[in-house]
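Trainee: I would like to learn how to read the features of a model like this one. Can we go through them in turn?
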Amino acid sequence: GANQYWFSQKFAALSGCGPTTASEILAYLTRKYLSAGQALYPNDINHLERKTFVRFMQDVREYVKPGMMGLTDIDYYTNQTIRFAMSRGVLLDARQVDTELDTADAMEAVTEVIDEGLPLALLILTNPNPDIREYTWHWMTIIGYDRLKETVTVATHGRTHALNFRNVWVNGGGYKTGIVHFWPKGA
């Protein structure tokens, strides 16, 4: 995956996890679903290069734009990602995982989407678990799972990591985790 620290401006690099995650997902949707005339990603999707992908990340960041405290609102993230796609002539649908679901049901929702061949955007805003500390206040792309180990595989900072989903999925009592996925309308 991409790395938010590829942004050349310091603030963009520090706050760039949301736009980076959206860029990864939009590029994936281009590769999986769209013809060349409908491309969300304007370059050769089969030959990704860092230089052109960074330009794409900057374009996405014009819509999926963090504020001074980062990008902490999943509804804003969802709406702005859809707005970016609309600016490229592509209509997207989105669905968030209901934050009221218990861990098992939320994991089931994630695995169904992955099994359909779609990545998901994950925001861990606040979380009490020390194993998740380095992933808080952060957007990542969920790209896989291991049902037996109860982990999700996330892409962030150009690497993949397996996170215990029981540690990830904490909502309520001041803690907040959000997950959303996108797909082209009609796909």
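Trainee: How many residues of strand 2 are buried?

Mentor: This is a predicted model. Strand 2, residues 120-126, is mostly covered, with six of its seven residues buried.

Trainee: Which strands does strand 2 join by bridges, and in what direction do they run?

Mentor: Five bridges join strand 2 to strand 3, residues 138-146, and the two run antiparallel. Another five bridges join strand 2 to strand 6, residues 176-184, again antiparallel. Ile124 has Thr177 in strand 6 as its bridge partner.

Trainee: Which residues touch the most other members of the largest nonpolar core?

Mentor: The general idea is that nonpolar side chains in soluble globular proteins tend to be buried together. Here the largest nonpolar core has 55 residues, and Tyr77, Ile142, Phe165 and Ile179 touch the most other members. Leaving aside neighbours within four places in sequence, Phe165 is in contact with Thr103, Ala106, Met107, Val110, Glu150, Thr151, Val152 and Ile179.

Trainee: Where does Glu150 lie, and what is its phi?

Mentor: Most residues other than glycine have a negative phi. Glu150 has a positive phi near 55° and lies in the loop between strand 3 and strand 4, residues 151-156.

Trainee: Which other residue has a positive phi although it is not a glycine?

Mentor: His157 has a positive phi of about 55°. His157 is in the loop between strand 4 and strand 5, residues 159-164, and is partly exposed, with a relative accessible area of 23%.

Trainee: How many salt bridges does a search of the whole structure find, and what does one of them tie together?

Mentor: The search finds four. In one of them, Arg88 pairs with Asp59, with the closest N and O atoms 3.3 Å apart. Arg88 lies in the loop between helix 4 and strand 1 and Asp59 in helix 3, residues 50-61, so the pair ties together parts that are 29 residues apart in sequence. Arg88 is partly exposed at 25% relative accessible area, as is Asp59 at 34%.

Trainee: What is the distance between the closest N and O atoms of Lys185 and Asp93?

Mentor: In that salt bridge the closest N and O atoms are 2.7 Å apart. Lys185 lies in the segment after strand 6 and Asp93 in strand 1, so the pair ties together parts that are 92 residues apart in sequence.

Trainee: Which residue forms a salt bridge with Arg147?

Mentor: Arg147 forms a salt bridge with Glu108, where the closest N and O atoms are 3.1 Å apart. Arg147 lies in the loop between strand 3 and strand 4 and Glu108 in helix 5, residues 103-115, so parts that are 39 residues apart in sequence are tied together.

Trainee: Is Ile82 buried or exposed, and what does Ile82 touch?

Mentor: Ile82 is in helix 4, residues 74-87. Its relative accessible area is 18%, so Ile82 is buried. Not counting residues up to four places away in sequence, Ile82 touches Leu92, Ala94 and Phe182. Ile82 and Leu92 are ten residues apart in sequence and 5.8 Å apart in space, C-alpha to C-alpha.

Trainee: Which residues form a nonpolar patch on the surface?

Mentor: Phe11, Met68, Met69 and Trp137 form the patch, with about 510 Å² of accessible area together. Phe11 is in helix 1, residues 10-14, and counts as partly exposed at 37% relative accessibility.

Definitions and conventions. Residues are numbered from 1 along each chain as its sequence is written. This is a predicted model: local features need pLDDT of at least 70, side-chain atom pairs count only at pLDDT 80 or more; totals for chains, interfaces and linings use all residues. Side-chain values use heavy atoms; hydrogens and water are left out. Patches are made of residues with over 30% relative accessible area and no salt bridge: like charges are joined within 9 Å, nonpolar side chains (Val, Leu, Ile, Met, Phe, Trp, Tyr) within 5 Å. Accessible areas come from the Shrake-Rupley method with a 1.4 Å probe; for residues, only the protein chains shown count as cover. A salt bridge is a side-chain nitrogen of Lys or Arg within 4 Å of a carboxyl oxygen of Asp or Glu. Helices (H or I, at least four residues) and strands (E, at least two) are DSSP runs, numbered from the N terminus. Buried means under 20% relative accessible area, exposed over 50%, partly exposed in between (1.4 Å probe, protein chains only). Two strands pair if DSSP finds at least two bridges between them. A nonpolar core is a set of buried Ala, Val, Leu, Ile, Met, Phe, Trp, Tyr and Cys residues joined through side-chain atoms within 4.5 Å. Contact means heavy atoms within 4.5 Å.
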